[in-house]
Amino acid sequence: MIAVDAQRLLGRIRELGAVGRDSEGRLIRLAASDTDRLGRDLFVGWLRQAGLDVAIDRVGNIFGIWQSPDNAGQAPLLIGSHIDTVIDAGIYDGCYGVLAGLEVIETLKASGFSPPRPVAIAAFTNEEGVRYTPDMMGSLVHAGGIGFETVLAAVGTDGSVLGQELARIGYAGDKEPGFLKPHAYLELHIEQGPVLEREGVPIGAVENLQGISWQRITIDGVANHAGTTPMSMRSDAGHAAARVITFLHDRAKASNTPTVATVGTIRFEPNAINVIPSQAVFTVDLRHPDEQRLQAEEAALAACLEQLAVAEGVTISVERLARFEPVIFDIRIVELIEAAAKNRGLGVKRMTSGAGHDAQMMARIAPAAMIFVPSAGGISHNPREHTEDADLVAGANILLDVVTDLAK
């Protein structure tokens with residue numbers, strides 16, 4: 001039974017994890033930024049060293065393709081994830097899946113394996129959605145869910161335009177998005193949650209993925225003096241926002257379903273200590289693995305906002321930022337993951353992904369599934385994000401086995 005080169009894989013994860021550090025040591029590789037370019041350059045260099053054909057599409061998605069004259073006409077097996085990060089990130093989220101995919105291809109090449117179909121690895125643009133929205137952007141474009149002209153015109157949180165930034169860093173490619181039509185899609189990822197570690201299971205066979213609803217809510221009230229305006233005469237956008245946040249938290253916590261709700265960003269105007277806020281703008285992230293339940297949570301939020309506008313004397317508007325239905329992954333690939341884990345003597349658990357991933361988009365156009373490995377403490381999007389080396393290597397070997405099966 002062949003196995004990946006553990007030291008090469010782990011070394012690359014750490015080397016990429018050192019790219020994009022700011023003066024405070026924080027890892028920040030936001031999409032299409034200068035630090036993202038550095039990470040992309042390193043990855044593309046590794047693809048070329050491995051003898052893969054490198055292709056970049058118009059939204060900056062990077063593909064390393066292993067093909068031969070014998071299989072060039074076949075639809076490729078695609079392995080993918082992303083290498084952009086959140087602000088002050090850990091080193092594993094996304095990057096592990098991309099680098100493990102490269103390691104699998106190199107291991108198979110070295111073993112003399114000749115796949116009947118091409119095998120490719122993808123690093124998708126702007127999976128995190130921190131600088132530009134929506135998240136999972138590159139894979140969404142590849143799957144035909146949004147036009148590339150639309151995302152190239154996306155304006156970032158810093159006022160930049162994605163298309164211009166991709167051109168500036170040298171990653172506005174010439175391939176048409178979606179040029180590579182996969183036979184199947186696989187993504188290896190750290191769990192970003194506590195389940196596998198808590199249950200002592202080294203491998204997760206991900207069978208479905210939660211639906212996601214992102215909204216931006218704007219509450220307009222009236223700015224006034226914090227000392228002279230009686231409480232009964234206020235139109236306080238800040239207080240109204242606080243009531244919405246409390247409503248979402250309490251409702252999700254009291255639910256007997258896997259509902260989760262998060263307010264991740266908020267800002268007040270004029271944002272002064274002695275002025276009643278005239279405006280509050282904040283985001284809401286709702287998630288649930290069942291579409292009907294997710295719709296019910298959205299409806300409950302809408303009803304809350306309608307009642308609150310009257311009660312607080314404010315005006316409320318809602319902007320939809322992103323909406324993705326729950327995804328059910330391909331059962332045959334899920335079973336291959338389970339079988340591979342058992343063949344290597346590893347415990348395996350079928351599970352739901354609470355986070356969004358590029359696999360969510362790719363499942364629209366090809367059979368897809370994901371492999372999870374444990375996250376220490378369930379911590380992610382944080383510099384303390386950690387997965388034990390043995391678990392990283394085990395996950396890569398499961399990916400190797402499943403790729404071998406699917407490439408046949």
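Is F179 buried, partly exposed or exposed, and what is its relative accessible area? In this predicted model, F179 is partly exposed, since its relative accessible area is 30%. The charged end of K175 is placed over the ring of F179, at 5.5 Å from the ring centre.

The structure contains three aromatic pairs. In one of them, the ring centres of F63 and F179 are 5.2 Å apart and the ring planes meet at 85°, so the pair is edge-to-face. This pair links distant parts of the chain, 116 residues apart: F63 belongs to strand β2 (residues 62–66), and F179 to the loop between α6 (162–169) and β5 (184–190). F63 is buried, with a relative accessible area of 0%.

A further pair is formed by F124 and Y185, whose ring centres are 6.4 Å apart; the planes stand at 50°, so the pair is tilted. F124 is located in the loop between β4 (119–123) and α4 (137–142), and Y185 in strand β5, so the pair ties together parts 61 residues apart in sequence. Both residues are buried, F124 with a relative accessible area of 3% and Y185 with one of 0%. Through ring pairs, F63, F124, F179 and Y185 are linked into a cluster.

Three cavities of 30 Å³ or more were identified. The largest cavity holds about 40 Å³ of space, and its lining consists of D36, R40, I62, I83, D84, A123, F124, T125 and N126. Of these lining residues, four are nonpolar, two polar and three charged.

Conventions. Residues are numbered from 1 along each chain as its sequence is written. This is a predicted model: local features need pLDDT of at least 70, side-chain atom pairs count only at pLDDT 80 or more; totals for chains, interfaces and linings use all residues. Side-chain values use heavy atoms; hydrogens and water are left out. On a 1 Å grid over the protein atoms alone, a cavity is a set of points where a 1.4 Å probe fits but cannot get out, and a pocket is an open set with protein on both sides within 12 Å along at least five of seven lines; lining residues have an atom within 4 Å of a point. Grid points are joined across faces, edges and corners, and a volume is the space filled by probe spheres set on the points. Ala, Val, Leu, Ile, Met, Phe, Trp, Tyr, Cys and Pro count as nonpolar, Asp, Glu, Lys and Arg as charged, and the others, Gly among them, as polar. Rings of Phe, Tyr and Trp (its six-membered ring) pair if their centres lie within 6.5 Å; planes under 30 degrees apart count as stacked, over 60 as edge-to-face and the rest as tilted. Helices (H or I, at least four residues) and strands (E, at least two) are DSSP runs, numbered from the N terminus. Buried means under 20% relative accessible area, exposed over 50%, partly exposed in between (1.4 Å probe, protein chains only). A charge sits over a ring if NZ of Lys or CZ of Arg is within 6 Å of the ring centre and within 35 degrees of the ring normal.
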